[in-house]
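Please read this note with the sequence and the model open side by side. The points below are grouped by element.

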Amino acid sequence: MTDTVLPFSVMGGAVRGRLARLGASLDTILDDQHAYPVPVAALLAETMALAAVLATSMKFDGIFTLQAQGDGPVSLLVADVTSAGDMRAHARFDATRLGQVPVSDRASVPALLGKGYLAFTVDQGPDTDRYQGIVELEGATLEDCARAYFKQSEQLDTAIEAAVRPPAGGQGWAAAALMIQRMPSGTGSAPILVAEEAEESWRRAEILLSSVTGAELTDPALAPEQLLYRLYHAEQLQAFEAKAIQARCRCSRDKVEATLRSLPAAEIASVADEAGRIVVTCEFCRTDHVFRLSELQHS
C-alpha cells in the first residue's frame with residue numbers, strides 16, 4: 001500500500017477532508033529491532049496514521065508531533081511528521097505490566113495508556129512560537145481522544161475514523177485515518193449556505209464517513225480514490241494532489257556528537273564502556289552512533 005495522504009472536498013467545498021494510508025513506513029518503523037508486542041505496535045501504527053492526517057491538514061514549515069503519555073503499561077507513544085512528509089515514531093512500554101492486561105482489553109486506550117494526555121505540537125523552529133494543544137485521554141481509542149480534542153478546542157467541526165491491520169497472509173502492517181472538517185460558510189472555496197443547509201451538509205458527510213469499515217480503510221487493493229468514491233461519489237467529490245509520506249529518522253552522528261560535547265567531561269566519561277567507547281542508540285530508528293572517549297576529549 002502506497003504511503004500517502006489524499007486531500008479532498010465534498011458538498012461543493014463545504015466539507016474538506018484527508019485520507020491517510022500507511023504501509024511501507026509502518027513496516028520500517030515497526031521492525032524486529034524494536035520488538036514491539038502487537039498491541040503496542042498497533043497503537044503506534046494508529047498514532048502514525050493520525051499524525052499523518054492531522055499534520056497535512058495544517059499549513060506549517062517544520063515538525064508536527066502527536067504524543068500520547070499515560071500511567072499505563074504503555075507510557076509513551078510519539079509520532080512526528082515534517083512538512084516534507086518524513087515520519088518517525090516510537091513507543092515506550094513496560095513488558096511486565098503489559099502481560100497482565102487481559103487479552104480482551106489489549107486494544108483499549110484506558111487499559112494500555114491509562115490516565116494521561118494527548119498532545120498536538122507544531123514546531124517551526126527557534127524563531128517561531130510553538131503551537132501546542134492538549135487533551136486528556138478520553139475514550140476507548142486514540143481516534144476518540146482526537147475527536148475530544150477538536151470538540152474541546154472549539155475549532156472546526158471534525159470527524160475521524162481510523163483503522164489498523166496487523167501483518168497477516170503475507171501482507172505487512174497497514175493503517176489509515178480518514179478525517180473530514182466543516183469549513184466556515186463563505187471562506188475559501190466553501191459555498192455560502194444558510195444555517196440549515198450547512199448543518200444538513202455536515203450531518204450527511206458525517207453519516208457517510210461513519211459507514212466506512214476498517215477493512216475498507218486498510219485494503220491495499222482499494223485505491224484511496226476508489227474508497228472516497230464509494231463514500232462520496234454523489235456529494236460533489238473532488239480529490240486533490242496526494243502527498244507522499246515516508247519513514248525517515250532525523251538523527252545524525254553530528255547531532256549526537258554535539259549533544260555529547262555539551263556535557264561535562266566527567267559525565268561523558270561515566271557513560272563510556274571498558275574499551276573507552278560511547279554508544280548512543282536512537283530510540284526511533286535503533287541506529288547505534290559510536291564514539292571513542294578519546295576523540296571527544298582531545299578534539
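Which residue in strand 2 does Leu6 stand opposite? Leu6 stands opposite Leu19 in strand 2.

This is a predicted model, in which local features need pLDDT of at least 70 and side-chain atom pairs count only at pLDDT 80 or more, while totals for chains, interfaces and linings use all residues. Residues are numbered from 1 along each chain as its sequence is written, and side-chain values use heavy atoms, with hydrogens and water left out.

1. Strand 1 and its cover. Helices (H or I, at least four residues) and strands (E, at least two) are DSSP runs, numbered from the N terminus. Strand 1 covers residues 4-10, and seven of its seven residues are buried (under 20% relative accessible area, with a 1.4 Å probe and protein chains only). In a regular strand the side chains alternate between the two faces of the sheet. On one side of strand 1 the buried residues are Thr4, Leu6, Phe8 and Val10, and on the other they are Val5, Pro7 and Ser9.

2. Partners of strand 1. Two strands pair if DSSP finds at least two bridges between them. Strand 1 runs antiparallel to strand 2 (residues 15-22), with seven bridges joining them. Four residues lie between the strands of this hairpin, and Met11 there takes a positive phi near 55°. Strand 1 also pairs in the antiparallel sense with strand 11 (residues 243-244) over two bridges, where Thr4 stands opposite Ala244. Another antiparallel pairing over two bridges joins strand 1 to strand 10 (residues 238-239); here the bridge partner of Phe8 is Ala239.

3. Strand 5. Six of the eight residues of strand 5 (residues 86-93) are buried, so this strand is largely enclosed by the rest of the structure. Strand 4 (residues 74-82) runs antiparallel to strand 5 and is joined to it by seven bridges, with Val74 and Phe93 as bridge partners. Three residues separate the two strands in a hairpin, and Gly85 in the turn has a positive phi of about 95°. With strand 12 (residues 246-247), strand 5 runs parallel over two bridges; Met87 has Ala247 as its bridge partner.

4. Aromatic rings. Rings of Phe, Tyr and Trp (its six-membered ring) pair if their centres lie within 6.5 Å; planes under 30 degrees apart count as stacked, over 60 as edge-to-face and the rest as tilted. By this rule there are five aromatic pairs. The rings of Phe120 and Tyr149 are stacked, because their centres are 4.1 Å apart and their planes at 25°. Phe120 belongs to strand 6 (residues 116-123) and Tyr149 to helix 5 (residues 142-153), so the pair ties together parts 29 residues apart in sequence. Both Phe120 and Tyr149 are buried. Phe120 and Phe150 form an edge-to-face pair, at 6.4 Å centre to centre and 70° between the planes. Phe120, Tyr149 and Phe150 form one aromatic cluster.

5. Helix 2 against helix 5. The axes of helix 2 (residues 38-55) and helix 5 come within 10 Å and cross at roughly 35°; axes are lines fitted to C-alpha atoms, for helices over the stretch in contact, and angles run from 0 to 180 degrees between N-to-C directions. In contact (heavy atoms within 4.5 Å), Leu43, Glu46, Thr47, Leu50 and Leu54 of helix 2 meet Leu142, Glu143 and Phe150 of helix 5.

Technical notes: Buried means under 20% relative accessible area, exposed over 50%, partly exposed in between (1.4 Å probe, protein chains only).
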